[in-house]
Every structure is written in C-alpha cells, then in structure tokens.
Amino acid sequence: MIDEEAKRLRAYQIWESEGRPEGRSLAHWYQAAEGEANAPGQGAHYVPYFVGAASAGSLVIKFYHSGDQVRGYVRKIADAGEDDSIFPGEEMQPEAAFKLAESHNGGSGKPIFVEMTEGVEWDPSWGALESDDLETVPAETDDSRAADNPTAARRRKRLAQEAGEGLRRAVGETQAEEDKRNRRSDRAGAQS
C-alpha cells in the first residue's frame, strides 16, 4: 500500500502520461492505488500498420525521430471523408503513447496498430509485435507531418483545385483574346 501523497502523485503522472484526458480521475486514482502501472504492452495486441490495414475506429501509434529521441502520437482512424482524431495532438514518449492508446482502446481487445518511420526500430520492452516485418515509412519531418494531417491535405487539395480553376480561366481568357484578334485580322483582311 502506498501513502496518500505518493498515490496522488502517481495518479497525476498517469493522467499526464495518457494525455490529460477528462473524466478519468477515478480510474487514475485506482490505478495509482495498485502501485506502479503495468508496463506498456502487457496484454495489448500490437500489429504493424500500413495504409488500408486499419478500419475506422482503429488506433494507430506513429513513432518517429524528434532530434535524437523517439517520439510518437496516437490517432484514431475516421470514416472515409472525415479527419482522423489525434490524441492529444502533441508528440510524447513511446511509453506515454502506448498508455494513451491502451486507455482509448478501453480493453476492447481490438489490435493497436504501430507505424514506424525510417530509422525507428521496435523496442522489445514495448511489448510483443504481431509480426517482425514492420513496414517503415520515410523519416518524418515537419513537412511530412503536415502531409499526414488530413486538414492540411484537404487544404492542399482545395488550393490545387483553385489553382487549376485559375489556370483554366487564364487559358480561357487568353484564348478568347486570341479569338478576338483573329476576328479583327480576318475583318481587316476582308476589307482590304
């Protein structure tokens, strides 16, 4: 049994490690009362992620290098045409990412998908990965993180459409002006 102050501190650490979710204080308190929380990966089922592998509602932990450290974030796959949810929207240490994903998975037994960028390797202390052939993706940068953001992707698509419409208008206006010049020169040629 741990004392009240240690329990309070441990509950606070659990709350922070899960991304400061609302409405879970009692669960964190009981978890702290049990002592040290289970190590990440115990009882969780991790599966390599690749595009199309996860259905809507699935959780994906993406790991990448941030400086010399491995960081991660958790996202929930949304239905087609909707934005994925990112919890809590900032990078965190792998252990915190696992705990957050497990918390949001709620003991459902559904697998938690893992996506690794180039240069990041699975650490066995994280738990068991269903397969050793974990597909890696190119190293993450600020640009690639923006590219992974569905809102940014929609914004890029909209800007590309607007640019295409502008180009079509410009080409159409140029063509209309050229047609006018040709008609004038035809009239001028007909009059001479």
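Modeller: In this predicted model, Gly 19 follows helix H1 and has a positive phi, near 90 degrees. Helix H1 itself comprises 14 residues, 4-17. From first C-alpha to last, H1 reaches 20 Å, close to the 20 Å expected at 1.5 Å a residue. Its buried residues are Lys 7, Arg 10, Ala 11, Ile 14 and Ser 17. Viewed down the axis of H1, these buried residues fall within an arc of 125 degrees, and they therefore line one face of the helix. Their packing partners are helix H2 (25-33) and helix H3 (94-105).

Helix H3 leads on to the aromatic contacts. Nine aromatic pairs are found in a search of the whole structure. One of them joins Phe 63 and Phe 98 in a tilted arrangement, with 5.4 Å centre to centre and 45 degrees between the planes. Because Phe 63 belongs to strand S2 (residues 59-66) and Phe 98 to helix H3, this pair ties together parts that are 35 residues apart in sequence. Phe 63 has 0% relative accessibility and so counts as buried; Phe 98, at 0% relative accessibility, is likewise counted as buried.

Phe 98 also forms a tilted pair with Trp 126, at 5.6 Å centre to centre and 50 degrees between the planes. Trp 126 lies in the loop between strand S5 (112-117) and strand S6 (136-137), so its pairing with Phe 98 of helix H3 ties together parts that are 28 residues apart in sequence. Trp 126, too, is buried. Phe 63, Phe 98 and Trp 126 belong to one aromatic cluster with Tyr 46 and Trp 122.

Technical notes: Residues are numbered from 1 along each chain as its sequence is written. This is a predicted model: local features need pLDDT of at least 70, side-chain atom pairs count only at pLDDT 80 or more; totals for chains, interfaces and linings use all residues. Side-chain values use heavy atoms; hydrogens and water are left out. Helices (H or I, at least four residues) and strands (E, at least two) are DSSP runs, numbered from the N terminus. The expected span of a helix is 1.5 Å times one less than its number of residues. Buried means under 20% relative accessible area, exposed over 50%, partly exposed in between (1.4 Å probe, protein chains only). The arc is that of the directions from the helix axis to the C-beta atoms. Contact means heavy atoms within 4.5 Å. Rings of Phe, Tyr and Trp (its six-membered ring) pair if their centres lie within 6.5 Å; planes under 30 degrees apart count as stacked, over 60 as edge-to-face and the rest as tilted.
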